[in-house]
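Let's take a friendly walk through a protein model together. Have the sequence and the 3D view ready, and follow along one part at a time.

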Amino acid sequence: MPATPRNRTVARLRPFASTIFAEMTALAVSQDAINLGQGFPDSDGPVSMLDTARQSIADGLNQYPPGPGMPVLRQAVAADRLARYGLDHEPDSEVLITVGATEAISAAILGLVEPGEEVVLIEPYYDSYAASVALAGAVRRSVPLARSGTDFVLDLDALRAAITPKTRMLVVNTPHNPTGTVFTSDEVGAIAEIACEHDLLVLSDEVYEHLVFDGRTHTALATLPGMYERTVSVSSAAKTFNVTGWKIGWACGPSELIDAVRAAKQYMSFVGGGPFQPAIAHALTHEQKWVKELRDSLQTKRDVLYAALVGAGLDVLSGGGTYYLCADITGIGEHDGIDFCRRLPQRIGVAAVPVSVFTDHPQQWNTLVRFAFCKRDHVLEEAGRRLRTLGASRS
């Protein structure tokens, strides 16, 4: 009789052996459901960017690009940060091109946090944060967002209380995944004050920096007093230009911090996305009008999904930016978000993800579910029609 296979995964990574996205996507496929769970668009980015990528392949840019990234892209990232935020990054030493923002996040934590030091996360959090802290052998602390009406706000007292003498880094994500919250200038300012007071490094995940709605603005942490020298700012092309599969991201900051990120990154992937790098440089330089149109279209899509969720009898929260809306399912008699999401594809042909899996305190988040609205109009409208049947089934 064969022996039961042993789990050979190291203990610190066992909690991260699978992701909720893989599970819910598999359920969506098996039920031919509309996948509003995983945050990827179903339409392409600007044509000129795609043409530039094709031309780069035809021109033979198919081998290893330079380790820090192609100069043309590093220069374009620096120029974009200067134009929008007034941050003057030196392209050769203060901009690093990575294999998506996820690699930049992992490399920043690995390169800057010693084993046993503490990293403070704001929960719910993007799932790679916790795994990256575990990879570094560091200790994770988390501070929950608080509900205020239909919004989420930062609990500054809880954040201050989470800081200890062992705290090395604070990870901040705004616009925020998974809740869609956009931190106010006051909240960002308070984070900066705490970081400076305790001499903390800050990892600022700004992947959704362009996708803010209703006249809101994104405040880049590195622009605030005392923050440039302690902040690694991370972003990517994925959500800005509808190319999640290209995996082109970047980290920006003072050279001594970027050197640390590079030290880890170069042994993770070394480089990636050679022919895509000039295409993203082109898009950053020439397609800002397309980005604005994308933002406007996503705001309209958000409103469509919002109406459908309300029509289903759900209480909808936040929605200030990103691809996502969160909804509370207690209004339709549900109390377990994981169970609800596992049943939803078969029940109505729509997939979503439970927010509790992005937290260290799941009981506080168990009735919240995240839906993505970054889909073509007819797909979103059909998803809305299906969602409304949840409400109809209760009457």
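## The nonpolar cores

Which residues have the most contacts inside the largest nonpolar core? They are Ile-280, Phe-371 and Leu-387, and the core they belong to has 93 residues. Keep in mind as you look that this is a predicted model.

Leaving aside neighbours within four places in sequence, Phe-371 is in contact with a whole list of residues, including Leu-36, Leu-305, Tyr-323, Ala-352 and Leu-387.

How many bridges join β3 to β4? There are six, and these two strands run parallel. For a spot to look at, find Glu-123, which stands opposite Pro-144 in β4.

## The four-stranded sheet

Another open sheet has four strands in the order β11-β12-β15-β14, and its pairing is antiparallel. Its edge strands are β11 (315-317) and β14 (353-354), each pairing on one side only.

Two bridges join β14 to β15 (residues 368-372), and the two strands run antiparallel. Here you can find Val-353 standing opposite Arg-370 in β15. Strand β15 also takes in Phe-371, one of the residues with the most contacts inside the largest core.

## Salt bridges

Side chains of opposite charge can pair when their charged atoms come close. In the whole structure, a search finds 26 salt bridges. One of them is between the side chains of Glu-118 and Arg-141, at 3.1 Å from N to O. Glu-118 is in strand β3 and Arg-141 in strand β4, so this pair ties together parts that are 23 residues apart in sequence. Are the two partners buried or exposed? Glu-118 counts as buried because its relative accessibility is 5%, while Arg-141, at 36%, counts as partly exposed.

A second pair is Asp-214 and Arg-302, whose side chains meet at 2.6 Å, N to O. Asp-214 sits in the loop between β8 and β9 and Arg-302 in helix α10 (residues 288-311), so the bridge ties together parts 88 residues apart in sequence. Asp-214 is partly exposed, with a relative accessible area of 43%, whereas Arg-302 is buried, with 10%.

Finally, Arg-347 forms a salt bridge with Glu-334, and their closest N and O atoms are 3.1 Å apart. Arg-347 belongs to helix α11 (residues 337-348), and Glu-334 to the loop between β12 (324-328) and α11, 13 residues apart. Arg-347 is partly exposed, with a relative accessible area of 36%, and Glu-334 is buried, with 12%. Salt bridges can also share partners: in this way Asp-214, Arg-216, Arg-302 and Asp-303 are joined into one network.

Methods. Residues numbered from 1 in each chain as written. Predicted model: local features only at pLDDT ≥ 70, side-chain atom pairs only at ≥ 80, totals over all residues. Heavy atoms only, no water. Core = buried A, V, L, I, M, F, W, Y, C linked by side-chain atoms within 4.5 Å. Buried < 20%, exposed > 50% of the residue type's maximum accessible area, 1.4 Å probe, protein only. Contact = heavy atoms within 4.5 Å. Pairing = 2+ DSSP bridges. Salt bridge = Lys/Arg side-chain N within 4 Å of Asp/Glu carboxyl O.
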